[in-house]
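This report covers a set of chain contacts, aromatic pairs and backbone features. Please have the sequence and the structure open while reading.

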Amino acid sequence: MAPGHTFATITDKISSIVLTRPVSLGWLMGVGFVALWTFILLFAVSYLFYQGVGIWGVNVPVGWGFAITNFVWWVGIGHAGTLISAILLLLRQSWRNSINRFAEAMTLFAVACAGLFPILHLGRPWLAYWLFPYPNTMNVWPQFRSPLVWDVFAVSTYFTISLLFWFQGLIPDLATLRDRAVNRYARTIYGFMAMGWRGSARHWKRYHTAYLLLAGLATPLVLSVHTVVSFDFTIAIVPGWHSTIFPPYFVAGAIYSGFAMVLILAIPIRYFYGLEDFVTMRHLENSGMIMLATGLIVAYGYIMEPFMAWFGGNKYDMYQFWDRAHGPYWWVFLALISMNVVIPQVLWIGKLRRSPFWLFVISLDVLIGMWIERVVIVVVSLHRDFLTSSWGMYYPTKWDWFTFLGTIGFFFLCMLLFLRVLPMISIFELRELLPEAEVKVEP
Amino acid sequence: MSLVPLYGLLAEFDNPTDLLLAARKAHDEGYRKMDGYSPFPVEGLAEAIGFERDRMPLVVLVGGLLGCVGGYLMQWWISADSYPLNVGGRPYHSWPAFFVVTFEVTVLCAGLSALFGMLGLNGLPMPYHPLFHVPRFEFASRDRFFLCIEASDPRFDVLETRRFLEGLGGHGISEVPY
């Protein structure tokens with residue numbers, strides 16, 4: 001954090017964004033644009049409900065297509081938020097205090113977008129609740145040996161725990177907004193949500209314990225979520241999927257794309273809302289370094305996959321990797337390697353790592369690259385498996401694109417609304433970072 | 001002197017160190033029913049006012065254990081008892097496959113008990129609290145630190161306690177009506 005701040009300036013600066021800052025034309029235009037895409041999403045989903053999954057390009061052999069690609073991509077993006085809020089909290093990386101709030105919001109919205117896809121892909125999405133074990137008149141139950149059922153539990157638990165963590169972090173800040181609000185309605189609404197929080201020492205004590213425990217629970221959870229997502233693939237025998245490297249490689253990829261999204265959000269936010277004092281160059285540079293490190297783990301995964309196929313001597317696996325580079329989707333694979341492995345290496349250069357503009361560009365590249373990675377895993381692996389008679393091609397339709405781009409619109413719509421109605425930076429955790437917050441007596 | 005019954009006396013402090021020292025002295029003086037209020041958790045303050053038993057870890061442990069046992073039993077009952085389904089010849093009670101959901105349900109229940117346990121033990125939501133009658137108290141969520149000695153404390157005496165709080169360096173001492 002930049003020097004010269006006090007408890008009061010931090011509080012006033014962050015709460016004023018929500019309470020007194022007038023709605024700007026740029027924000028309205030942004031909301032208008034992403035709301036348009038949200039409507040396109042609603043339209044695409046409505047048409048899907050009416051017509052069925054046939055409107056997408058999915059068919060045998062590529063039954064999963066964009067829906068599962070987007071699901072994996074969105075869940076992965078969410079992971080950085082939990083990493084920042086929970087793992088960095090336990091590791092006492094206090095710099096995370098100024099980016100955890102909106103990173104957690106990012107997690108929530110990303111997981112919401114992710115959860116949409118498997119449901120839409122069900123064929124009869126309105127029966128999605130059948131996935132949950134509830135007593136029913138049909139007397140049937142879910143099949144707990146299936147990774148697809150594990151996924152239901154993993155993703156819904158992840159969403160719930162992220163929501164709890166986010167809400168708990170918000171309670172003291174909602175109390176701050178309640179006390180600062182001049183508008184009667186704002187005061188009532190924030191007061192309602194703050195639930196009478198008054199900063200009592202006993203409350204803080206329990207709050208702190210609960211917060212640390214939640215962080216401790218969220219840490220294995222976040223690692224488990226993408227592991228379970230990777231089980232959706234690895235438990236199958238499709239060449240290129242049936243591999244033990246998937247769980248760690250999926251988690252690293254998740255954090256890789258997640259930090260790219262953190263930067264995509266943080267760079268414009270700090271610029272437009274003048275938050276350079278709180279979200280400093282150090283935050284951006286650290287995120288860039290985490291991106292570089294996780295990117296290298298992902299690159300290691302890319303090397304190990306063909307190595308294991310060759311070392312294992314399985315001809316179907318080997319063909320799979322030959323097909324990735326030389327088959328009809330060779331250009332997708334080329335884009336993957338250049339965007340995910342080659343281009344991010346420029347992050348080794350300190351000057352680029354400290355330039356918001358270039359970090360933004362590289363993050364965009366990584367986000368697209370990681371999306372392409374999921375296309376390669378889902379589409380390219382499925383399109384040619386054991387029998388040549390069951391080979392085929394996958395071509396996305398306009399509905400595939402509308403649904404995908406629509407969720408991006410929905411995600412940014414949620415983010416823009418969040419920025420205006422809730423404190424985007426955790427106020428009470430920033431106060432703790434000030435030198436004045438330190439108690440200068442022996443405990 | 002007002003006729004409204006008194007909740008306590010509230011003293012204001014400038015920084016966390018002053019508040020902590022004041023809380024310790026009040027505790028040494030024999031006051032027990034009191035609480036400190038700060039815009040962020042002040043290390044050692046809860047201990048200084050005599051709060052020792054933090055039952056949060058126990059609540060979360062119980063929640064997690066219930067989730068763990070419940071999650072596993074649910075899968076066992078469904079897969080081996082209520083609706084045995086032969087999937088690729090695997091045993092009905094395929095315990096390795098039940099790990100994932102057991103883990104997820106454990107985390108879910110522990111997490112829910114962390115948040116709701118915290119709220120429950122803290123007595124939240126609490127729509128009304130006498131402290132909010134004090135206009136200055138709204139700064140407890142910004143940059144001021146408060147110590148409130150409650151009237152229900154056996155040692156409480158309006159004049160005595162006020163003098164005591166003044167002696168601790170607390171300023172703007174105000175009576176908190178119910």
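Helices and strands here are DSSP runs, numbered from the N terminus; a helix is H or I with at least four residues, and a strand is E with at least two. The model is predicted.

## Cis peptide bonds

Most residues other than glycine have a negative phi, and most peptide bonds are trans. Val60(A) and Pro61(A) are joined by a cis peptide bond, with omega at about 5 degrees. Pro61(A) sits in the loop between helix 2 (25-51) and helix 3 (65-90) of chain A.

Chain B has a cis bond too. It runs from Leu124(B) to Pro125(B), with omega near -5 degrees. Pro125(B) belongs to the loop between helix 4 (99-121) and strand 3 of chain B.

## Positive phi

Asn139(A) is not a glycine, yet its phi is positive, about 60 degrees. Its loop lies between helix 4 (100-120) and helix 5 of chain A. Asn139(A) counts as exposed, because its relative accessibility is 55% and the cut-off for exposed is over 50%.

Met195(A), also not a glycine, has a positive phi of about 60 degrees. Met195(A) is in the loop between helix 6 and helix 7 (201-234) of chain A. Is Met195(A) buried or exposed? At 12% relative accessibility, Met195(A) counts as buried, since buried means under 20%.

## Helix 1 of chain A

Helix 1 of chain A has 13 residues. At 1.5 Å a residue they should span 18 Å, and the end C-alpha atoms are 18 Å apart, so the two values agree.

Its buried residues are Phe7(A), Ala8(A), Ile10(A), Thr11(A), Ile14(A), Ser15(A), Ile17(A) and Val18(A). What covers these buried residues? In chain A, the cover includes helix 5 (147-180), helix 6 (184-194), helix 14 (398-421) and helix 15 (427-433). Strand 3 (145-150) of chain B is also part of the cover.

## The interface of chains A and B

The size of an interface is often given as the accessible area lost when the parts come together. Chain A and chain B bury about 5,700 Å² between them. Of this, 68% is on carbon and sulfur atoms. Arg145(A), Arg198(A) and Arg206(A) supply 16% of the area that chain A buries against chain B, more than any other three residues. The contact takes 62 residues from chain A and 70 residues from chain B.

How many salt bridges does the rule find across the interface of chain A and chain B? It finds 4. Asp12(A) forms a salt bridge with Arg142(B), with the closest N and O atoms 2.4 Å apart.

## Aromatic rings

A pair of aromatic rings is described by the distance of the centres and the angle of the planes. Over all chains, the search finds 53 aromatic pairs. One of them is Phe7(A) with Phe40(B), tilted, at 5.2 Å centre to centre and 45 degrees between the planes. This pair joins two chains, because Phe7(A) lies in helix 1 (residues 7-19) of chain A and Phe40(B) in the loop between strand 2 (34-37) and helix 2 (45-48) of chain B. Both Phe7(A) and Phe40(B) are buried.

Tyr129(A) and Tyr134(A) have ring centres 5.7 Å apart and planes at 55 degrees, so this pair is tilted. Tyr129(A) is partly exposed, at 44% relative accessible area. Tyr134(A) is partly exposed, at 25%. One aromatic cluster in chain A includes Phe66(A), Trp73(A), Trp74(A) and Trp371(A). In chain B, Arg155(B) lies over the face of Tyr31(B), 5.6 Å from the ring centre.

How values were computed. Residues numbered from 1 in each chain as written. Chains lettered and ligands numbered in written order. Predicted model: local features only at pLDDT ≥ 70, side-chain atom pairs only at ≥ 80, totals over all residues. Heavy atoms only, no water. Phe/Tyr/Trp six-rings, centres within 6.5 Å; stacked < 30°, edge-to-face > 60°. Buried < 20%, exposed > 50% of the residue type's maximum accessible area, 1.4 Å probe, protein only. Lys NZ or Arg CZ within 6 Å of the ring centre and 35° of its normal. Expected span 1.5 Å × (residues − 1). Contact = heavy atoms within 4.5 Å. Buried area = accessible area lost by both parts, 1.4 Å probe. Salt bridge = Lys/Arg side-chain N within 4 Å of Asp/Glu carboxyl O.
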